[in-house]
Amino acid sequence: MCVPCRSHLCIWCLGQQQHRSCRSPPDQTKASMGIALFYLGQVLLWGVPSWASEEAEALCARTACYTIHWGKHNWTDAQEKCKSNGGNLVTMKSQEEALHVQDLLAKLPRREAGPEGQVRLWIGLHREKGKCYQQHQLLKGFSWASGGEETDYASWLREPRETCTGRRCVSLHWNPTAPGSSGLGWADGPCSGSPARAQGYLCKFSFQGMCRQLALAGPGSVTYTTPFGLDSASLAAVPFGSQAAVSCQGQAPGPFLVCRAQAGGGFEWSSPGPLCASPRYGCAYSNGGCQHRCLELAGGSFRCACHAGYLLGGDLLSCSPVDYCSAQPCQGQGECLGRPGGFECRCPAGYALAGDGVSCADVDECAGEPCQGGCVNTAGGFACTCPPGYEPAGPGGRRCRDVDECAQGAPCAQLCTNTPGSFLCACRPGYQRDSDGATCRDVDECLGEPCQERCVNQPGSYQCLCPPGWALAPNGASCLSGSSPTTPGSAAPSLRPPGEEEPAAGGGHPPGTHPATESPAPRSDPTIRAQPGGAEPSTLQPAGVSSAAGPGEPRMKPDADQATDGPKLLLYYILGSVVVILLLMAFALGLLIYRKRKAKKEKKKARSATDNYCWVLEQAEKKAVDNDYR
């Protein structure tokens, strides 16, 4: 005897075609055999589902199905049972997934609750031995059974145990009496299957998409068999690959339909409707199974129709929005957006929708003058440019900023002055700018014969020399006889040419100028005597600065050693004279003291008797004495 099949597409009946319950109309036999062979392959490949003897509840939404399975299992066994059927213990990475699980739990009838009236179910969250508690993370160091630790959602009832020495697993605690989501939370514990830990587990199965629930045009029932081996008659969304067994009242079992993907996208049932249709009911029973409109036809028949902007599906029951963008009506960079009854083309930034409504035209942003300098329009944008000597600055590079070429190593030999958009090379006094505008060459000041006697040109300056026995006058150019030394109060000799102003005290470079890197100037020969004169021979000559030099042209202070040679020589003369005078005075003082001491010694000698007498010289002796003294 053939037992009517309830699951796995009546595999037992494949070889029992003589039985009434296995017979199908001629036009359905081929399709039914194909579907049966499809599921026979699944059973041979995966075997009978591991929970075939367990009670299970399911909820499918969007691209995933969630199932509850009751039974005492440890966490590892529960994960293996889910994995053997193509899934994993459930993940709750978002608030949306948590709401799906909550809706599934709300469908459950009242069951025997665990301690404190709670239902406890394993979920796919665990922490292996050796991995420690992480307080700053949402998952606290736990990871999902499907892999990864990413999540936007967490619902810990309490902080997990801070241990690294043992494996920890998470169970979902649900209080049926608590309102809303307040009765849903996570708690960690040992991964064993003790009665106090979990009464079951939650699985999650992911799919490419879903078919809608079948609507019957007459009395009957539908049983869905999912790819993960669950039979249900109450799935609102049926996962891709599921089989539907239709049983119409008063008719033989069938047809058998499969949820499959369509070439143009979406998922539909393999056989068109309406199902269980009868002239007796027409459109009166469940709208004829039509999703939108049911149209009565002659003879009690009917057909389904869709609202404007929708197309009738291949099952002749469902309606889907017309995909106006499938023909790619938008041109170029345009993006097509479907709208009820039509479409809309949208252009990216930098483009505007053209008058035809389907193409995009480039917007000339430069027309609004967004740049301080120049503006170059580009496809979908623009670029700001700056003139030479300036660089882009500010937000988006729309402003221009002067470039300090002197700070960036301008090719000036001595001095550099930054100017707006450019720079100016200059030379120190005593030099003049060469033809290339950047290098400086020495000026031979001796060609103007500034000295009375001999003139020696030096880099950036000159020195006047006098013959032996002559000294340089205070004017720095004339020579004075050696018998007329410079008085101490006279002005210190200078090394600058006559008539040139003394540089300002403090030295330094004029504001706005930059000294170029160069080797130091050679020092003056200490054997050469400086000219007295009031002005120092300069290492800078105004004629050597620039042909365009003016009052503001940068000037440099002369070399300090050259500027002090004259005063040093004068000081040496004065100090030498003072030392000689002091030595003579000391010698005279010593001689005076010596004579006084000698005189005192002579007074101490005893007087003789003849001392009281007065001796009178003879005339001849007197003349001799007079001659001697004269």
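Q: Which residues form one aromatic cluster here?
A: The cluster is made of Phe-142, Trp-144, Tyr-153, Trp-156 and Trp-186. Keep in mind that this is a predicted model, where local features need pLDDT of at least 70, side-chain atom pairs count only at pLDDT 80 or more, and totals for chains, interfaces and linings use all residues. Residues are numbered from 1 along each chain as its sequence is written, and side-chain values use heavy atoms, with hydrogens and water left out.

Q: Okay, and how many aromatic pairs does the structure hold?
A: There are nine aromatic pairs. Rings of Phe, Tyr and Trp (its six-membered ring) pair if their centres lie within 6.5 Å; planes under 30 degrees apart are stacked, over 60 edge-to-face, and the rest tilted.

Q: How are the rings of Trp-144 and Trp-186 placed?
A: Their planes are at 90 degrees and their centres 6.1 Å apart, so the pair is edge-to-face. The two come from distant parts of the chain, 42 residues apart: Trp-144 sits in strand β5 (residues 143-144) and Trp-186 in strand β7 (residues 184-189). Strands here are DSSP runs of E with at least two residues, helices are runs of H or I with at least four, and both are numbered from the N terminus.

Q: Are those two Trp residues buried or exposed?
A: Trp-144 and Trp-186 are both buried. Buried means under 20% relative accessible area, exposed means over 50%, and partly exposed is in between (1.4 Å probe, protein chains only).

Q: What about Phe-205 and Phe-228, what kind of pair is that?
A: That one is stacked, with 4.2 Å centre to centre and 5 degrees between the planes. Phe-205 belongs to strand β8 (residues 200-206), while Phe-228 is in the loop between β10 and β11, 23 residues apart from it. Phe-205 is buried at a relative accessible area of 2%, and Phe-228 is buried with a value of 2%.

Q: Since you mention β10 and β11, how do they pair?
A: They are antiparallel, over two bridges; strands count as paired if DSSP finds at least two bridges between them. Tyr-224 is opposite Ser-232 in β11. The two strands make a hairpin with five residues between them, and Gly-229 in the turn has a positive phi of about 85 degrees.

Q: Which sheet has β10 in its order?
A: An open sheet of five strands, antiparallel in its pairing, with the order β11-β10-β13-β14-β15. β11 (231-232) and β15 are the edge strands, each pairing on one side only.

Q: And how many bridges join β10 and β13?
A: Six bridges, in the antiparallel sense, between β10 (residues 220-225) and β13 (residues 243-248). Thr-223 has Ala-245 in β13 as its bridge partner, and Val-222 stands opposite Val-246.

Q: New topic: how much space lies in the second largest pocket?
A: About 450 Å³. On a 1 Å grid over the protein atoms alone, a pocket is an open set of points with protein on both sides within 12 Å along at least five of seven lines, and lining residues have an atom within 4 Å of a point. The volume is the space filled by probe spheres (1.4 Å probe) set on the points.

Q: Which residues are closest to the centre of that pocket?
A: Of the 20 lining residues, the closest to the centre are Gln-262, Gly-265, Gly-266, Glu-268 and Ser-320. Two or more lining residues come from each of β9 (210-212), β15 (267-269), β18 (310-312) and β19 (319-321).

Q: What's the lining like by class?
A: Nine nonpolar, seven polar and four charged residues. Ala, Val, Leu, Ile, Met, Phe, Trp, Tyr, Cys and Pro count as nonpolar, Asp, Glu, Lys and Arg as charged, and the others, Gly among them, as polar.

Q: Let's jump to β20 and β21, how many residues lie between them?
A: Two residues lie between them in a hairpin, and Gly-341 in the turn has a positive phi of about 85 degrees. β20 (residues 335-339) and β21 (residues 342-346) are antiparallel over five bridges, with Arg-339 opposite Gly-342.

Q: Last one: which residues does the "transmembrane region" annotation cover?
A: The unreviewed UniProt entry puts it at residues 570-594; such annotations may be inferred rather than shown by experiment. In the model, residues 570-594 are 100% helix and 0% strand, with the end C-alpha atoms 37 Å apart.
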